[in-house]
Each structure stands twice: as structure tokens, then as C-alpha cells.
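Let's take a walk through a structure together. Have a look at the sequence and the 3D view first, and then we'll go through the parts one by one.

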Amino acid sequence: MRHFISIADLDRDEAIAVLATAEHMAETQSRSIRKLPTLVGTTVVNLFFEDSTRTRISFEAAAKRLSADVINFSAKGSSISKGETLKDTALTLQAMGADAVVVRSGSSGAAHLLAHAGWIDQPIVNAGDGAHEHPTQAMLDAFTMRRHLRPGDPTAGLDGLHVVIVGDVLHSRVARSNVLLLTLLGARVTLVAPPALVPVGASAWPCEIRYDLDEALATGPDAVMMLRVQSERMVGGGFFPTAGEYSRRYGLTTARAASLPDHAIVMHPGPMNRGFEIAGDVADSPRSVIVEQVASGVFVRMAVLYHLLATDSREGPR
Amino acid sequence: MLGAEEIRRALTRIAHEILESGHGADDLVLLGIPHRGVPLAERLAAQIARAEGDDRPLDQLAGSLDITMYRDDLRHNPTRAPSPTRIPREGIDGRTVVLVDDVLYSGRTIRAALDALGAIGRPAAVRLAVLVDRGHRQLPIRADHVGKNLPTSRSERVHVQLTETDGVDAVDIVRPGAEPGPGTEPAEGTA
Amino acid sequence: MTADQNASPGGTGPSPLLIRGGRPYGEDVQDVLLEAGRITAIGTDLEVPADAEVVEADGCIVLPGLVDLHTHLREPGGEEAETIESGTRAAARGGFTAVHAMANTLPVADTAGVVEQVARRGETDGWCSVRPVGAVTVGLAGERLAELDAMANSRAKVRVFSDDGKCVHDPVLMRRALEYVKSFDGVIAQHAQDPRLTEGAQMHEGVVSAELGLAGWPAVAEESIIARDVLLAQHVGSRLHVCHLSTAGSVDIVRWAKERGIDVTAEVTPHHLLLTDETVREFDAVFKVNPPLRTAEDVQAVRDGLADGTIDIVATDHAPHPRDAKDREWDQAAMGMTGLETALSLVQLTMVDEGRLTWRDVARVLSEKPAEIGRDEDQGQVLEPGAPAHVLVWDPRSVRAADPAEHASRSRNSPFAGIELPGMNRLTVLEGRPTVRDGLVVEQ
């Protein structure tokens, strides 16, 4: 594993290995001293072209608990906002001696470009690129599902599970990464969205697509993942008539949550629009694992940094 | 170099040494270092429990201590998959921890183990038991209990197999170029 | 052979040139004699005039000089990417003897003054003939018509009008433009792209865009405009040219329109004859172009359309960009790719070597027909005595990997870098003077 750009680059064994390492990281985080010396002396740069406090903090915590130094380089107030290009920024980071770059960008493919354009030699971690992928989010979702639905076996996948992902699939990098990862791990995925929020061409994805949430929930899924409705990305507008109509058709209401099987969990990548895509009561209910997802994020990102940095960069693992 | 019977005798001796040097089994915790230190710690714990007439479950006496995250050679090797750490429920604070490993070589593994231990708690004392000491220390570390001293050259490898992990109990020295058998783990890497 | 040897004593005109042993239109071997800027003889075993230079063309194809109806020379305003001089050098290397320079310059070519300036620069700096294209609307803004008649009646004699890069999307404005150019036999070359359906569009909308999370440029945004425009052209009885048609549906619509007798012509670019949206997976913006690279089915359809005559011509849409405009995140990078220097190789690769076009067809789609659509009377003439001496000698046997570093264009954004391409420009002659020999521009 040279970079962590896209779930599409992983095979099942690699994905399981990262999840197993994340379990190990979780175990270390219950100790009296949570800081591990693993990456002491390395520098991880958080390069955030898009505001995302929670993802940046999660990566920062992960790097620091492995004793790496962290430099935050955010668009606001930096040379990036003064028109410096990704290329110039990459050359700068290379010159400053970063050991890994965690990049978040509104542009699909930004992480891939950074990894492959030849501007910088270091491992690149994709912290979300446009509507393309958010691979560490998918890993933390899989990690959380595994703990609840397939506990105990560090080599387990998600075989036989049924996951329903609901909402703005069109603009969602979380949905894309999750479809790839959950199916890679053996789960069955159903996407539910209003037709205008399903990408043309998604019929080629390895999942089922439905337009009716109640029908999807009636199949008794093991996990329901609600996506944030990204109103800020609704270029052109008119994807659905009103928030009210969306909420009635696609919101996870208390009644809908009550129809789920007892063991089913409810997830959300955050930040939530309470009362819009998910009812506040559901988000706070016992079956909600939304807060736990945040904790899982740190473990998974520790694992990813470990796999990329605690290795001989001259050769791949295994 | 060592067969099953010699290994058994070595462990029996170490078990008695541990009991004689300490204050009995009550304060003891044996922590094996993955991978082959873990079954060795369990064997020692079983012998100690038998000798003391201690009927606690074995996992109260023995556990495992993964040191992967504390290694100083991570960036010189392919990614290592960490193993579980299992600490007896009562913890290690104020107790005597015996670290158990198969081969003592450079001492770097033990250095890492001491760091890992420090993150978990504050033992009253830490001792080290190894099946084989092959010399060539790079750090000021020595074992309190040694099954067998095996003089080796740096180019040789000590090849330990245990029933639990490899189906057989045996210790061999592998000369450079010779093909080691299955189950081989190079002791302590090459650092 | 140097340029000096090709100048006649006294320096008044080009010295005679005998192209010996080549195959005009890829057919029978015939010698071609060029004298005083004209073809003076075609036949076997022509006698060599005493002062003539002889170019041995065994195994080569002899074609009329190529004509590109769709070139971005970037001058004025975009000289960092290309100039009229560098762009026409690139054209000459590609075997072209004439290019039509698109209007989206800075200032926009929407007045007689700008088009005359471009034409004049073409005369002084050009390595091929430069015919300016006039903008349809003022500033390409799509709001009101530019002074089309003034441009048509200027020294530049503009006949092709286009807002290329932008679509004349207002149906009333498009109707008026089509009507207006009838009086001077002009043509509207439409960049067919519904702006609302392509807001923020980054690539072809389909399986690959869904996966990559890039905003889609749906085929229907092109097809709906073409459908509307052919009906408008029929309604007002005017002439429509469809720029860089790229989808299977567009081919069907143009085929239908031609069956109905509508006066429509269409072009396809070399890149749409080969590349698909699969190239986008690496996020290398050298593959970012408008209209976007489509699917393999679309590539097949445009090849079929070119082979059966539905698509009239190949035009490069040569769109040079400086490196900084391409070394960016995909959604921030400029659209467009260079094409002049690889166009004929691409047509040979995708059409001739596949048995879909003969070399005579190539002369039609890359020289005769584009000259006719552009009302470029001096260009695209049949190779026969009396015709102007615009000639290309092409060696179809050569194969080599394309290397943008060798290109004469000031920009390097060729998507074909590293791809093995057939054919080589042995000789290009403009008005009897060689502009390119063995792939290299002849300095003058």
C-alpha cells in the first residue's frame, strides 16, 4: 500500500488487514497512556482545501496518537486562498520534508493527482475528493459495522450483511466508497434516493438501487446509513421540490426506525441535518452508532497511517 | 540443537527459577511476546500454577504483549501486522511481570516491550525469560532466565518451532543460504 | 536540400518541384510537377525541368494540402498558448495548407477590425493560409449578433461564423444568425452544447462519471441543440455546420437531417475518433476537452458516420493551453487538446488502416470538403494541372510514438503522447514552396 486514495485500489485482504490493525489501535487506546511511539520523527501534513473540521481533527488525533508531528495547511488564510495551485503547494510540502500528506479537496481526483503527478514522492491519504471517494470514512463505517454485526473475529468481513444507504448519492463520496468497500467485504448494498440524486451510470455499480425507502426498510436491513443532504452542492437546483417532501419520502423518521429489526444499527457520516434526513430521536436512540463512528474514525486513520508510514517505503507490504 | 524433551526440561527449570526468585505466583504475570513468546508464557504459567497448586484460570497468570507499535525498525521492513495484547484482568500495577520470548538477540525487542509495558501500567519489577540466548546484544539488556545459551554467528539464524504454532518443538541453527523450514520466524529481525 | 535551393534565380517565385513516384490519392503512381505556384503536369515519367528540384516520393501518398475548419490559434490575447506563427507552423507540420482560426480570442474576433488583423498576421507570419472565423454574437455573449456582414465584406472575407467554445443557445438568436448569413453565403458553425444541461460539466455523463464523481456532460445536451438547429436551418433555408459532433445520437440526427435534404454539414475531431471517457480515470487533464471524450459506442458511431458520409469532415479543434492550465485538478483545468500535428495520423490509424476510408476519401474529408464549407476557393482543389500548388506528400509506412516535445505548437497538451501513430509528413507545399520537409518546418 503506497497511497490510500480509493477503495477501488484495495483487495479484500488489504481491507481486512487495515480493519484488523484498527482493532489493535482501538485496544491500545484503552490503555492508561494512549500515545504510541510508532511514528515518532515523522511529519504528517493535513492539506485541507475544503473546510472539514471533524475530518481534520480525526486525522490530527490519529497522527498525534502515533507520535507523528502534524502540520495543518488549510485553504483559509494560507497561500492557497491567494491562488497558489495544488502543484505549487505539493512542491512546497515536498521541500519542507513532509512524510505523508492527508488531502481533502472539493475536486474529484485531487488526491490521485497529488499521488501520481510527480510533484511529491510521499504517501498520499485521500480525506475526501469531490464527489469521488472518501475511503477512510468507508473504512470506519465498515469497522463500526463489523464490531456490531460481526464481533470477535479480526479476520471477518461483512459477508451476508445487508446495508441500506439513503440520500444524496449523486454528490456523495461516502456512498461511492462505501458501495465499493462493503461489497468488497461481502455485504449486499441497497442505495435509496430520489431518482435525480442517483448518478446516471450508477446502474453499473455492484448494488441495488431503489427509489422507495419504506420498501427498502421492509427488507429488514442490518444497517441503515443516512447520507447528509449536501444542499451546498446542489448546482442547478431542483433535485427535489422541498425539504419537507424530501424528509417525508427519504427521512429516517422515528416510525421508520421502529420498523427495523432489533439488531439493526443506524449510521450517519456527519454532520447531520437533524430533522431533515434523520430525526433527532433516531440519531440519539440506542441503535444509533453515530458517535461511535467518530471514535472508529480515529482508530481507522491510525491504522491507515501505520500501514503507509510504518513500512519500508522502498517496497510494498507483504 | 534442542529437541522437544530439552525444551520441556528448559521450561521446567525456568519455571522453578521464576518461583524461587520471586514471592510466589500471586504477584506474577507472564507476558509472552508474539508470536512464539506467547505459547512459551502459557506453558510456563501452567507449570507454575501446577507447582503452586494455583487453580486460577491460566489467563489470570499469563497474557501477551504486542510490541509492534514500539519497534524502532518499522521503517526498514514491510508492514508488520500487529498481534493482540492480552493483559490479565487485574492488570500489572505493582506486580512482577516476566516477559517471555523465544530468542534473545539484539535486545531491541525487549527494549520495545519495556516501552509497551510502560503504557499499560507500572509493575513492581520486570524480569525476562527466554528459551534461547544467541548473543550479539546491541543494547544493555540481559535475561534473568535462559533455557539455553547458543553461540551463533551473526549470519546464522535461530529457527524456533513450537507445537502450538508450528506443530513440533524444535530449535535449530540455520546457516546462511540454507532453506529454513516452514514456520520460521527470524528472531528479532536484523536490526 | 535547403530553402535557398528552392528559390529561383532572382528570387521572384518558387523554383519548379517534381514529386516523383508518389501515388496521388493513394492510387496509381504518377509524378506531379509544380511550377510557379501551380500544378503544371501530372503523369508518369514526367521530364525533369532543368532547374527543378526532385523529391522522391516512392511509396508515399500525394494529397491536396489539408484544410482545417476548426483551429484555435489563440492570437490575439492567448500568445502564451499559441501564436499565429507557432500555430501555423504546427499546421504545416500536420500537412495543412489552410486553417480557419476560431473567434474566441482576446479581443474576440467579432468585428471587421479584428478579423482583418488576424488575416494580415496570417499573411505575414503564416506557414499556411489563415482564414479568420467571425463570432456570431458580440463578445461570444450569446445576446446580440455581431456585425457579420462587415466581417464578410472585410479584407478577411469571412464566411464561417462561430461562437465556438460557447453555444448560440437562444433559439431566436440562432434563427436570426442562420437567416442573416444567407445574404453572403455564410455558414453558422455551431458548438452544440445546451448550457443549462451542462452547468459545471466535467466529462461525459455515464458509467465513468458516476464512478469518478465528476459532473456529467450528457450526450443529450449536444443532441438536443443539433436537433433544434437542423430544424431551424430547414425552416429558414440556410446552411448549418455542426462543430465537433461527438455522440452516436448526434450522428443519427445529422443522418436524418441529410435524408430530409437539410443543408447541414458536420465535423468530427481526430480525438473523438479514438479516445473514450475511460481515459479520464487517471484524472490527467490532458484528456479534458469539450465536447468530452465519449464512450466506445460513440467512437464507433462517429467512425461509421465519417465512413458513410454523414459526417462530412475531420476538423482538429486544435486547442493549445499552457502547462499551468492543465497541471491542475480536473475540475479546475482548461478544456481542449492540441491536434494539428497528429490529425492525419489519427485519421490514417482509425479510418484508413481500418479500411473505412480510402486516401481519396481522406482528401475529401480533410481538404476538399472543409475548403468548400469554408468557401475557401483557393484550397482543397483537385490535384490536376492548373490547380494551386498546395500539396502534401505523406508516407503512410512510418510508425512512431507521438512526442509533444517535438511539436511546433507552443503548447504540449497532446493526449496522444506515447501512442504509436502511423504516417509521416514528407513534404508540404504551400503555393509551390515547401513549408515542411521530412517532418521539419522549412525555415525561410
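In which sense do β8(A) and strand β9 (residues 265–267) of chain A pair, and over how many bridges? They pair in the parallel sense, over 3 bridges.

Before going on, a word on the ground rules. This is a predicted model, where local features need pLDDT of at least 70, side-chain atom pairs count only at pLDDT 80 or more, and totals for chains, interfaces and linings use all residues. Residues are numbered from 1 along each chain as its sequence is written, while chains are lettered from A and ligands numbered from 1 in the order in which they are written.

**A strand in chain A**

Helices (H or I, at least four residues) and strands (E, at least two) are DSSP runs, numbered from the N terminus. Two strands pair if DSSP finds at least two bridges between them. A residue is buried if 20 or more other C-beta atoms, placed from the backbone, lie within 10 Å of its own; it is exposed if 12 or fewer do, and partly exposed in between.

**How the chains meet**

Two residues are in contact if their C-beta atoms, placed from the backbone, lie within 7 Å. There are 2 pairs of chains that touch, and the most contacts are between chains A and C. Chains B and C do not touch; their nearest C-alpha atoms are 27 Å apart.

| Chains | Residues in contact |
|---|---|
| A and B | 19 residues of chain A, 15 residues of chain B |
| C and A | 18 residues of chain C, 22 residues of chain A |

On the side of chain C that touches chain A, helix α5 (residues 207–212) of chain C gives the most, with 4 residues. That side divides into 6 nonpolar, 6 polar and 6 charged residues. For these classes, Ala, Val, Leu, Ile, Met, Phe, Trp, Tyr, Cys and Pro count as nonpolar, Asp, Glu, Lys and Arg as charged, and the others, Gly among them, as polar.

**Inside chain C**

Chain C is divided into domain 1 (4–62 + 386–441) and domain 2 (65–373), with bounds from an automatic or database domain assignment. Their C-alpha centres lie 27 Å apart, and the contact takes 29 residues from domain 1 and 38 residues from domain 2. On the domain 1 side, β18(C) gives the most, with 6 residues.

Chain C also has an open sheet of 4 strands in the order β4-β3-β1-β5, with mixed pairing. Why is one side of β4 (38–43) and of β5 (53–56) left without a neighbour in the sheet? Both stand at the edges, each with a single partner strand, so one side has no neighbour there. Strands β1 (residues 17–20) and β3 (residues 31–35) of chain C run antiparallel and are joined by 3 bridges, with C:Leu18 opposite C:Leu33.

Last stop: C:Ser367, in helix α11 (residues 359–373) of chain C. C:Ser367 counts as buried because it has 28 C-beta neighbours inside 10 Å.
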